[in-house]
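Please view the sequence and the structure before reading on.

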Amino acid sequence: MRVASFGVVAAAILLISSAQAADVAAGKEKAEICAGCHGDNGISQTENIPSLAGQLDQFIQWQLVFFRAGARKNEQMQPIVEQLSNEDIRNLGAYFASLTPFKGSKDDNPELSEKGKQAAAGRRCASCHTDTYVGTKAVARIAGQREEYLVKALHDYKSGVRSGGAQAAMADVAYPLSDEEITALAHYLAHL
């Protein structure tokens with residue numbers, strides 16, 4: 001298991017640190033297959049499918065590498081990522097990072113958001129995701145993400161179902177959260 005994890009990390013480092021510049025236009029063309037689930041311009045309209053618009057380049061690249069290597073599992077993603085070259089992954093990362101992210105909708109439950117804000121502060125979410133929750137480098141942008149997707153992701157981290165990437169850190173954060181805190185946190189972040 002450690003050897004496989006090392007291989008995934010080594011491949012990702014080589015991919016991300018490559019001197020070759022990404023081609024946003026090629027990424028846009030390659031992303032046509034992504035639109036069916038992740039939406040036009042990377043704004044998902046599908047329950048439990050994340051929006052990718054404005055997601056950080058390195059984050060997209062890492063996640064695609066994790067999916068391709070099988071460290072992160074998803075039935076719909078596996079057949080797609082298996083066909084991606086390192087160049088495709090660089091281009092997709094640059095393309096999605098170039099898109100304007102979804103701006104959270106008007107908050108319909110400010111009381112729930114306040115509870116979510118307290119949960120975010122208590123679990124120190126900003127220490128990785130930044131004070132505005134837009135992420136940095138390979139850390140996800142969670143501001144304005146689909147609410148039900150955030151709930152699912154937090155439950156997956158809490159239960160250990162989600163692997164790849166910051167699993168250990170996120171499992172540590174998510175495990176002590178109650179269902180009510182997860183709901184509030186997701187609501188707060190989705191409406192930023």
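## Length of helix α7

In this predicted model, helix α7 covers residues 110–122.

After α7 comes Arg124, which has a positive phi, near 55°.

Which residues of α7 are buried? They are Leu112, Ser113, Gly116, Ala119 and Ala120. Viewed down the axis of α7, the buried residues fall within an arc of 115°, so they line one face of the helix. Buried here means a relative accessible area under 20%.

The face turned away from that buried side carries exposed residues: Pro110, Glu111, Gln118, Ala121 and Gly122. On the buried side, the cover over the residues of α7 includes α11, residues 179–190.

## Packing of α7 against α11

Two packed helices are described by the angle between their axes and by the distance between the axes. For α7 and α11 the angle is about 100° and the axes are 7 Å apart. Angles of 65 to 115 degrees count as roughly perpendicular, and therefore α7 is roughly perpendicular to α11.

From α7, the contact is made by Leu112, Ser113, Lys115, Gly116, Lys117, Ala119 and Ala120. From α11, it is made by Glu181, Thr183, Ala184, Leu185, His187 and Tyr188. By class, the residues of this contact divide into 6 nonpolar, 4 polar and 3 charged.

## Packing of α9 against α10

Helix α9 (residues 147–159) packs against helix α10 (residues 167–174) at an angle of about 100°, and their axes are 8 Å apart. The two helices, α9 and α10, are therefore roughly perpendicular to each other.

Which residues of α9 and α10 make the contact? Leu154, Tyr157 and Lys158 come from α9, while Gln167, Met170, Ala171 and Ala174 come from α10. The contact of α9 with α10 has 5 nonpolar residues, 1 polar and 1 charged.

## Gln58 in helix α4

Gln58 lies in helix α4, which runs over residues 57–69. Is Gln58 partly exposed or buried? With a relative accessible area of 30%, Gln58 is partly exposed, because that class lies between the limits of 20% for buried and 50% for exposed.

Definitions and conventions: Residues numbered from 1 in each chain as written. Predicted model: local features only at pLDDT ≥ 70, side-chain atom pairs only at ≥ 80, totals over all residues. Heavy atoms only, no water. Helix = DSSP H or I, 4+ residues; strand = E, 2+ residues; numbered from the N terminus. Expected span 1.5 Å × (residues − 1). Buried < 20%, exposed > 50% of the residue type's maximum accessible area, 1.4 Å probe, protein only. Arc of directions from axis to C-beta. Contact = heavy atoms within 4.5 Å. Axes fitted to C-alpha atoms, helices over the stretch in contact; angles between N-to-C directions. Parallel < 35°, antiparallel > 145°, perpendicular 65-115°, else oblique. Nonpolar A, V, L, I, M, F, W, Y, C, P; charged D, E, K, R; others polar.
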